[in-house]
Amino acid sequence: MKKHKRHHHREHGSTTLEALGAVIILCLILFGMLQIYHWCMNRQFCQYAAFYACKSLALGFKPDLAMRAARVAGIAISGESTGSGDNDEAAAKKYMTYGDVSGVRYEYWHGRTAANNPSLIVRLRYGEPEYQSAKVRLENLPLVSPGVAKMFFISSPPEPEATVNAYNYSKELM
């Protein structure tokens with residue numbers, strides 16, 4: 001004899017609805033973690049670029065060369081190449097040697113064509129007797145879309161940045 005389970009009329013589809021709710025929550029958690037990972041990696045590259053710029057200043061290199069060092073260290077977060085067709089390693093060597101005349105350009109390096117385009121900003125503070133400083137910031141990178149930001153009451157998306165200070169070794173070496 002078969003036993004038939006009796007379901008109440010209001011219980012039909014409740015399991016499906018609960019499963020759908022659980023899948024939506026898991027997707028929100030997963031994609032939220034991916035956003036956090038993306039932001040952390042961009043911040044790590046900003047830290048790397050600021051370190052190389054500050055190290056260059058602290059060792060007595062000219063500010064132009066320190067700026068190049070920061071940009072080369074930040075190639076991974078600089079968008080697409082808009083200049084020479086070299087791979088990133090060859091482009092880095094060429095840019096460090098010849099600077100802007102090398103034809104090496106990346107999407108986020110030079111100026112913005114619109115107010116909300118992403119930009120890799122490098123600010124150097126040098127010439128101080130004791131310390132040199134470099135700050136690298138990735139502005140206007142859409143890590144969180146404006147619609148999602150409003151849902152979580154975020155007024156402006158977080159922008160990865162890093163500041164590195166170093167003792168001015170160049171005054172002792174030169």
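# Close-up views of a predicted model

**View 1. Strand E2 (residues 131–139) and strand E3 run antiparallel and are joined by seven bridges.** The structure is a predicted model, in which local features need pLDDT of at least 70 and side-chain atom pairs count only at pLDDT 80 or more, while totals for chains, interfaces and linings use all residues. Residues are numbered from 1 along each chain as its sequence is written, and side-chain values use heavy atoms, with hydrogens and water left out. Helices (H or I, at least four residues) and strands (E, at least two residues) are DSSP runs numbered from the N terminus, and two strands pair if DSSP finds at least two bridges between them.

**View 2. Three strands form an open sheet in the order E1-E2-E3, with antiparallel pairing.** Strand E1 (119–125) and E3 are the edge strands, each pairing on one side only, and the twist from one strand to the next averages 10°. E1 and E2 pair in the antiparallel sense over seven bridges, and Leu-124 has Ala-134 in E2 as its bridge partner. Helix H1 (residues 14–58) lies across E1, E2 and E3 and runs at about 150° to E2, where angles run from 0 to 180 degrees between N-to-C directions and axes are lines fitted to C-alpha atoms, for helices over the stretch in contact.

**View 3. Strand E3 (residues 161–167) has a covered face and an uncovered one.** The covered face holds Ala-162, Val-164 and Ala-166, whereas the uncovered face holds Glu-161, Thr-163, Asn-165 and Tyr-167.

**View 4. Helix H2 (residues 63–73) and helix H3 (residues 88–98) pack at an angle of about 170°, with their axes 9 Å apart.** That angle makes H2 roughly antiparallel to H3, a description used for angles over 145 degrees, with those under 35 counted as roughly parallel, 65 to 115 as roughly perpendicular and the rest as oblique. Leu-65, Arg-68, Ala-69, Arg-71 and Val-72 in H2 meet Ala-92, Tyr-95, Met-96, Thr-97 and Tyr-98 in H3, contact being defined as heavy atoms within 4.5 Å. The residues of this contact divide into seven nonpolar, one polar and two charged; Ala, Val, Leu, Ile, Met, Phe, Trp, Tyr, Cys and Pro count as nonpolar, Asp, Glu, Lys and Arg as charged, and the others, Gly among them, as polar.

**View 5. The largest nonpolar core contains 26 residues.** Such a core is a set of buried Ala, Val, Leu, Ile, Met, Phe, Trp, Tyr and Cys residues joined through side-chain atoms within 4.5 Å, where buried means under 20% relative accessible area, exposed over 50% and partly exposed in between (1.4 Å probe, protein chains only). Cys-46, Val-104, Tyr-106, Trp-109, Leu-120, Val-136 and Leu-138 touch the most other members. H1, H2, H3, E1, E2 and E3 are the elements that give two or more residues to this core, and the largest share, six residues, comes from H1.

**View 6. Glu-130 lies in the loop between E1 and E2.** Its relative accessibility is 37%, so Glu-130 counts as partly exposed. Leaving aside neighbours within four places in sequence, Glu-130 is in contact with Ala-166, Tyr-167, Asn-168 and Lys-171. Glu-130 and Ala-166 are 36 residues apart in sequence and 8.5 Å apart in space, C-alpha to C-alpha.
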